[in-house]
Structures are given as structure tokens and as C-alpha cells.
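Work through the exercises below with the sequence and the coordinates at hand. Each task is followed by a solution in steps.

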Amino acid sequence: MKARHLGGWLVANFLILSGGVKRRRKKILREECIVALCFHKPTRAEFEQCVKWLKKHQFHFLSMADVEKLTKNGLPFPKGGVLLTVDDGWQSNEANIIEVANEQQVPVTIFVSTAPVEEGTYWWTYVSKAKRQGITHVPVSTMKKLPNEDRLLKVAEIRKVVTVERSALTASQVKQAAQSPYVTIGGHTHTHPILINCNDRDVYEELKVCKEKLEHWTSKEVNSFAYPNGDYGMREIKALRSLNYSLAFTTKPEYITPESLKNTYELPRFMFLEGASFAENICRMVGVWKQAVKKLNRYLN
């Protein structure tokens with residue numbers, strides 16, 4: 001990973017020094033465009049640095065309520081908009097995301113999986129620890145490709161012999177976070193399965209249970225959702241619509257424009273990479289990273 005991040009730092013600095021980042025940033029600020037960003041569990045320094053950089057360069061921070069109003073033509077479409085989102089609901093989000101959002105007075109949405117809140121952690125933390133201990137040789141990436149019933153069986157066996165510490169927010173922390181004027185709580189399924197690997201009944205229950213529990217804990221309506229791993233299909237969209245979710249986010253690295261906002265259940269986001277250099281994440285935030293890496297791979301191959 002150190003070699004990978006060093007390579008990323010070199011590529012990112014070339015994009016910055018060559019003016020590519022500056023040109024793209026200026027283009028975003030003068031066009032009807034929203035940059036939706038996806039975090040998971042950044043350090044406080046990483047998240048705070050991003051917020052301050054976006055503020056310095058005059059991005060317009062939007063809440064999830066603002067985006068919903070935009071879908072109903074309740075607000076003029078912004079130029080240089082930015083939407084901060086966080087997936088999973090890690091316990092470190094309280095100090096590293098929520099406190100920073102309150103201090104900097106910027107809106108953020110945290111998409112929470114509810115079973116980890118109740119149980120303490122996520123299924124892949126068990127798998128990762130079991131792999132480190134030699135209990136299993138199956139990596140998390142392979143588990144994600146299994147039919148959901150098979151994955152559940154394998155994880156259940158691992159949980160019999162592996163213990164892990166709490167890493168998810170508690171219900172009281174979710175409730176407290178929702179009381180902030182800067183924090184919105186969204187759904188991220190109940191147990192965080194890969195939805196396209198689930199049967200129809202399980203997809204519906206995952207979305208329904210998550211919504212009900214979050215609304216019970218927060219006493220607020222939950223209208224937004226993020227697909228685990230970014231995987232979805234028309235079946236998932238239909239289920240979300242039937243349960244009165246109004247917005248859903250993917251991991252497609254694209255900008256939200258007036259045209260793409262029409263597809264309210266397929267909204268794109270750029271991924272922040274924890275542990276990478278800030279230079280690389282600047283490139284990711286303005287949307288030049290993916291394209292640059294593709295060009296570099298074509299050149300090297």
C-alpha cells in the first residue's frame with residue numbers, strides 16, 4: 001500500500017502542477033454541477049483537511065434536504081455544489097466526521113447499516129480477522145461475490161471462533177448525531193449484504209428493516225439511501241421506491257448534473273480514499289483521478 005500511495009502521490013502532483021486540477025475546479029465552479037463525495041472512516045485530519053480545502057476554493061455545501069428540493073425544482077441548481085456523504089456508520093465517525101461537521105458548520109449525510117449498530121461491528125471485520133489468523137483463506141472480496149445465503153453461512157461459522165471489538169456507532173450515537181442541524185441519517189441496509197446477491201424477499205426486508213430502525217432511533221424520516229458496494233439493479237430501485245426512499249446513491253465516479261439528477265435512485269459519487277495522499281484525494285474530489293489513471297494504464301500497457 002505504501003508503494004501504491006507513493007505512485008498515487010506522484011500522479012496526483014503531476015495533475016496538480018500541470019494545471020489539470022485547477023482547470024477542472026474552475027469548470028465545476030462555473031457550471032451547474034454537484035460533486036458528491038463518499039467517505040467511510042477517514043481520520044479527523046483527513047476529513048477536516050477536505051472540508052477546509054473545499055471552503056477555501058468556494059464550493060457550495062449542500063445538505064441532503066437541499067438535493068431533495070432540487071429534484072422537485074424547489075431550489076435553483078447550484079454551480080460548484082458539494083455533497084458530503086459517509087457510508088456504514090463507523091464509531092470513529094462521531095469524532096472524525098460529526099464533530100468536524102458541527103465545528104465547520106457544513107452538512108453531511110451518514111448512511112448507516114443497522115445490524116452493526118445493534119451487534120457492534122460489520123461482517124467483513126470478522127472475515128478479515130479470520131484471514132489474518134489463518135482460520136480462513138477466503139478474502140472479503142471473494143465473500144462479496146457469493147450468493148447471500150452462502151456468505152451468511154460462512155460468516156456465521158467464522159463468528160463462532162473469532163471475536164472483534166465494537167467498531168460501529170451505537171443507537172444512542174446515531175440518535176445524538178441526528179439531532180445536529182448539520183447531520184442527516186440515511187439508510188445503508190440492515191446487515192450490509194451485496195444486494196444483487198440477495199433474493200427478492202431479502203432485498204425488500206433489508207431496506208425495510210433499516211428504514212424502520214433508523215426512524216425509530218432518530219424520530220426522523222429517512223429518505224436517502226446508499227447501495228452497499230455500489231451494486232444495484234432495477235429490482236433494488238423498485239424496492240426503494242415502494243418503501244418511500246426518494247434518493248439513492250451509487251459509486252459511479254461522475255458529477256451530479258441537472259440531467260443526471262432526474263435519475264434519483266442512481267446518483268453518482270466520487271470516492272475518497274483513506275490513507276492516500278491529500279494530493280490524490282484532491283484529484284478524486286474534482287473528478288480528474290479516474291480518467292488520469294485510465295490514460296496512464298493505457299500508456300503503460
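**Exercise 1. State what covers the buried residues of α7, then list those residues and describe what follows the helix.**

Solution. The cover of the buried residues of α7 includes β3 (81–88), α8 (140–143) and α9 (148–159). Contact means heavy atoms within 4.5 Å. Helices (H or I, at least four residues) and strands (E, at least two) are DSSP runs, numbered from the N terminus. The model is a predicted one, in which local features need pLDDT of at least 70 and side-chain atom pairs count only at pLDDT 80 or more, while totals for chains, interfaces and linings use all residues. Residues are numbered from 1 along each chain as its sequence is written, and side-chain values use heavy atoms, with hydrogens and water left out.

Next, take the helix, residues 123–132: Trp123, Trp124, Thr125, Tyr126, Val127 and Ala130 are its buried residues. Buried means under 20% relative accessible area, exposed over 50%, and partly exposed in between (1.4 Å probe, protein chains only). Finally, glycine 134 follows α7 and has a positive phi, near 80 degrees.

**Exercise 2. Describe the surroundings of asparagine 93.**

Solution. Asparagine 93 belongs to helix α5 (residues 93–104). Its relative accessible area is 0%, so asparagine 93 is buried. Beyond neighbours within four places in sequence, asparagine 93 has contacts with His40, Lys41, Val86, Ile98 and Ile110. For histidine 40, the backbone oxygen is 3.1 Å from a polar atom of the asparagine 93 side chain.

**Exercise 3. Locate aspartate 88 and asparagine 229, and decide whether each is buried or partly exposed.**

Solution. Start from the backbone: most residues other than glycine have a negative phi. Aspartate 88 has a positive phi, near 95 degrees, and asparagine 229 has a positive phi near 65 degrees. Then locate them: aspartate 88 is in strand β3, and asparagine 229 is in the loop between β6 (224–226) and α12 (234–242). Last, accessibility: aspartate 88 is buried at 4%, whereas asparagine 229, at 38% relative accessible area, is partly exposed.

**Exercise 4. How compact is the protein for its length of 301 residues?**

Solution. Count the elements: the protein has 14 helices and eight strands. Its radius of gyration is 19 Å, close to the 19 Å from the globule rule for 301 residues, so the protein is as compact as a globular protein of that length. The radius is taken over C-alpha atoms, and the rule is 2.2 Å times the number of residues to the power 0.38. The C-alpha trace spans about 55 × 45 × 35 Å along its principal axes. Of the 301 residues, 52% count as buried.

Technical notes: A polar contact is a pair of N or O atoms within 3.5 Å; within protein, one must be able to donate a hydrogen and the other to accept it, and residues adjacent in sequence count only if both atoms are side-chain atoms.
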